[in-house]
Amino acid sequence: MLPQLVVSGLAQGVLYALVALSMTMVYRATTVVNFGHGDLVMGGAFVVYVLVVYAHLPYLLGGLLALTILFALGVGIHQGLMRRIMTGPHLAIAMMALAVGYGLRGGARVLWGREVLPFPRIFPDHAWMLGDVVVTSDNLIVSGTVLGLMAVLFVLFNVTRTGRLLQAVFQSQRGAALVGLNVDAVHRVMWGVGAALAALGGVLLAPITLLYPDMGVWVLVRGFAAMTLGGFGTLHGAVLGGLILGVVELVLGAYVSTAFIDISAYVVVIAVLLLRPDGLFGQQVVVRV
Amino acid sequence: MAFCHHTDEAINSAEVNMKTRTGFLTAVGLALLALALGAIPAGADSMQGITDTTIKIGNIGPYTGDASSYSALNYGPLAYFRYVNSQGGVHGRKFEIVAADDACKETTGIAAAKKLIHQDKVFMLLVQPCSGVAMATKPVVVEEGLPWIGVSANPKLTTPTVKNMFHVTYTGVYSGRAMARFALSKPNAKKVILVAHTNDWAKGYCDPATEYMKEHGVEPLMNLALERGSTDATAQSLRIKTANADFVLGCLYEAELAILLRDLHKYGVNVPVIGALGADFESTHKRVNNPAAVKNFYLPYQFKAPMGSPDMKKWEDMFVKFLEKGELPENGVPTNFYYFGLPTAIATVEAFKRAGPQPSREKFIAAMETFKDFDTGVLADKVNVTHDNHVGVQDMYAVGLNEQGKQTVYSAWGKPLL
């Protein structure tokens with residue numbers, strides 16, 4: 001059973017990793033923890049649902065449009081709401097993020113109530129047996145897409161000039177501004193990219209699960225737990241944290257109690273904060289004064 | 001003579017005094033008797049909502065809000081009352097149905113019930129699909145003493161027995177027991193696993209199912225949790241696979257039930273699964289969206305015959321004839337909920353017939369308690385109500401797909417209804 005749990009856990013974990021990565025990118029660029037991020041995932045899922053089910057667009061086109069729409073929404077959230085209060089207290093920024101998330105959720109509830117919606121089957125329904133381990137086409141498509149995107153982001157951040165500029169902003173916004181970088185533009189783009197990556201999570205989730213307006217809650221909790229586990233603010237830590245969390249959930253569920261599946265994200269957050277506050281891959285920041 | 005006359009007057013006076021005193025004592029005695037019996041408020045209250053030509057009934061339910069799809073449970077009875085009115089009513093009285101919206105919210109529900117009782121002055125309350133709202137309004141209903149016949153599944157509404165409250169549809173207890181009964185009717189089914197949400201709703205089904213199994217010498221092999229909002233049931237599916245279970249009972253909402261079925265199929269676990277009554281058979285099929293994954297899926301079935309059969313078709317025709325456009329689904333085809341609310345109205349009409357031409361609350365309640373093997377023509381079981389038991393129905397069937405993939409109603413494992 002263990003090999004199957006690991007494979008299935010990793011397949012689940014890549015989605016947590018994607019959410020954690022996009023939250024981390026926004027956090028690193030803007031120092032804002034977006035507590036409405038889970039609702040952006042929900043937003044992406046519902047936008048692709050509308051485009052595919054109501055507008056009858058092909059899934060791929062609908063998915064790309066959903067990413068574009070959520071990118072624009074992310075930019076809009078920054079320009080219209082966040083930018084105005086960025087110099088204010090962190091609590092106000094956090095509350096604004098929360099309010100935006102609730103606003104999106106409320107909008108979805110107005111349109112769909114608390115209905116749980118099935119998405120048409122998009123991915124082929126194949127399963128392969130590797131010994132006793134079942135690997136499905138869902139697993140491969142979702143994991144392949146997310147891992148492929150992560151590879152692109154890795155190259156973008158570490159090899160290209162744009163990536164190095166972004167990393168400069170990640171390390172010190174004031175320093176980046178002093179050397180002439182347009183930090184506000186970076187914030188704008190990162191809010192857009194963060195929302196688009198959240199939308200990708202929703203677009204990939206939609207065909208393999210059921211959609212409902214409150215689905216962003218569990219997404220946020222797991223994304224946050226993955227960030228904490230990997231090390232708050234580290235990009236590779238967010239990814240690895242997501243993968244580990246996916247496996248831990250299933251292993252605890254199978255070997256300890258299925259009641260642990262839903263609380264394991266909270267258990268991870270508590271344990272990490274108590275035992276290793278910087279997470280598995282984070283580094284303690286030492287400030288010389 | 002004067003004496004005599006005087007004596008006569010005295011006697012007359014004494015007689016008058018005696019009569020007055022006797023009348024006074026009789027009145028006091030009757031009043032004390034009424035108090036001693038703890039009688040339901042008599043007179044106008046007892047006849048509230050009844051005129052020479054009408055019977056006013058409160059039809060309470062979630063006509064608006066997130067749970068408004070449950071208002072179909074209110075429209076089924078409405079159609080039946082209109083049908084009865086078209087036949088002349090009962091004892092010369094026609095039914096006047098007053099709808100009140102509880103929006104499936106406790107506070108709104110209490111206000112709606114009070115409005116029906118005190119402002120609209122209805123004789124009784126019917127339907128009330130949302131269990132939480134029904135529980136919240138129960139103290140009002142008990143205090144006012146007016147008859148209540150509801151469809152909400154919470155057994156605590158009518159157990160222990162409440163003088164004026166009745167169930168003629170299934171409570172969660174009997175739905176749970178029906179799940180277990182169907183599972184154990186499979187030959188050699190011993191390894192039964194329960195998968196449930198960790199909330200009161202799921203316990204309402206799984207606890208009676210466990211009780212039934214224990215009564216029949218079967219201990220559940222495992223109790224697995226699958227929380228509300230879960231999107232994955234890998235761990236549960238693998239544990240079921242490892243345990244080589246004979247049957248799975250899913251006390252789950254429809255969405256999570258669909259996820260369990262999907263993942264069981266994904267991991268090649270070919271085990272029969274019976275869900276709880278809260279899920280709809282066809283809707284679950286749609287959510288799973290994979291015919292291979294629902295081949296071994298069943299749900300308790302509360303009706304006496306398969307949908308579309310002549311026994312049920314007559315009710316469909318009645319709904320279509322007596323309900324207006326906004327009261328039917330958009331496609332015009334009544335869902336199962338329309339049928340499930342229907343017995344409340346059928347029992348109400350029957351009780352009014354039995355209560356006679358001068359009905360009162362007491363006579364109505366007494367009439368309800370005479371129901372013995374009463375066939376509603378809708379439900380799988382016949383209604384039996386006594387003074388000590390106000391839960392009228394218990395037994396039900398199961399619905400699943402037969403080998404040809406056709407929806408089939410079973411009285412037990414492998415025994416389709418003819």
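Which residues does B:Val140 touch, not counting residues up to four places away in sequence? The legends below take a walk through a predicted model, and the first view gives the answer.

**View 1. B:Val140 and its contacts.**
B:Val140 touches B:Ile110, B:Ala113 and B:Lys114, once residues up to four places away in sequence are set aside. Look for B:Val140 in helix H4 of chain B, which covers residues 131-144. Is B:Val140 buried, exposed or partly exposed? With 18 other C-beta atoms within 10 Å, B:Val140 is partly exposed, because a buried residue needs 20 or more such atoms and an exposed one has 12 or fewer. For a sense of scale, the C-alpha atoms of B:Val140 and B:Val269 are separated by 49 Å; these two residues lie 129 residues apart along the chain.

**View 2. Chain B as a whole.**
Step back to take in chain B, with its 12 helices and 13 strands. The chain has 418 residues, and buried residues make up 47% of them. Take the contacts in chain B between residues at least 6 apart in sequence: 69% of these join residues at least 24 apart.

**View 3. Helix H2 of chain B, wrapped by its surroundings.**
Helix H2 of chain B runs over residues 72-86. From the first C-alpha to the last, its 15 residues reach 21 Å, close to the 21 Å expected at 1.5 Å a residue. Why can H2(B) be called largely enclosed by the rest of the structure? The reason is that 11 of its 15 residues are buried. Among them are B:Leu73, B:Tyr75, B:Leu78, B:Phe81 and B:Val84. The cover over the buried residues of H2(B) includes strands S1 (54-61), S2 (94-101) and S3 (124-127) of chain B, together with helices H10 (310-322) and H11 (336-355) of chain B. After H2(B) comes B:Gly88, with a positive phi near 110 degrees.

**View 4. An open sheet in chain B.**
Here is an open sheet of 8 strands with mixed pairing. Strands S7 and S13 of chain B are the edges, each pairing on one side only. Strands of a sheet pair through backbone hydrogen bonds, either parallel or antiparallel. A parallel pair is made by S6 (residues 192-196) and S8 (residues 247-251) of chain B, joined by 5 bridges. Within this pair, B:Ala196 stands opposite B:Cys251 of S8(B).

**View 5. Two hairpins in the sheet.**
Strands S11 (residues 397-401) and S12 (residues 407-412) of chain B run antiparallel and are joined by 4 bridges. B:Ala398 has B:Tyr410 in S12(B) as its bridge partner. The hairpin of S11(B) and S12(B) has 5 residues between the strands, and in the turn B:Gly405 has a positive phi of about 80 degrees. S12(B) is also joined to S13 (residues 415-416) of chain B, by 2 bridges and again antiparallel. Opposite B:Ala412 stands B:Lys415 in S13(B). This hairpin has 2 residues between its strands, and B:Gly414 takes a positive phi near 75 degrees.

**View 6. Where chain B touches chain A.**
How many residues does each chain bring to the contact? Chain B gives 25 residues and chain A gives 25 residues. H7(B) gives the most, with 6 residues. By class, this side of chain B has 8 nonpolar, 10 polar and 7 charged residues.

Chain A contains 11 helices and 4 strands. Its radius of gyration is 19 Å, which agrees with the value near 19 Å for a compact globule of 289 residues. Its C-alpha atoms fill a box of roughly 55 × 45 × 35 Å along the principal axes, and 49% of its residues are buried. In soluble globular proteins, nonpolar side chains tend to be buried together. The largest nonpolar core here has 216 residues; A:Ala17, A:Ala45, A:Ala199 and B:Leu249 are those with the most contacts inside it. Helix H1 (residues 2-30) of chain A brings the largest share of this core, 16 residues. Leaving aside neighbours within four places in sequence, the contacts of A:Ala199 include A:Leu40, A:Val47, A:Ala66 and A:Leu70.

Technical notes
Residues are numbered from 1 along each chain as its sequence is written. Chains are lettered from A and ligands numbered from 1 in the order in which they are written. This is a predicted model: local features need pLDDT of at least 70, side-chain atom pairs count only at pLDDT 80 or more; totals for chains, interfaces and linings use all residues. Two residues are in contact if their C-beta atoms, placed from the backbone, lie within 7 Å. Ala, Val, Leu, Ile, Met, Phe, Trp, Tyr, Cys and Pro count as nonpolar, Asp, Glu, Lys and Arg as charged, and the others, Gly among them, as polar. The expected span of a helix is 1.5 Å times one less than its number of residues. Two strands pair if DSSP finds at least two bridges between them. The radius of gyration is taken over C-alpha atoms; the globule rule is 2.2 Å times the number of residues to the power 0.38. A nonpolar core is a set of buried Ala, Val, Leu, Ile, Met, Phe, Trp, Tyr and Cys residues joined through C-beta atoms within 7 Å.
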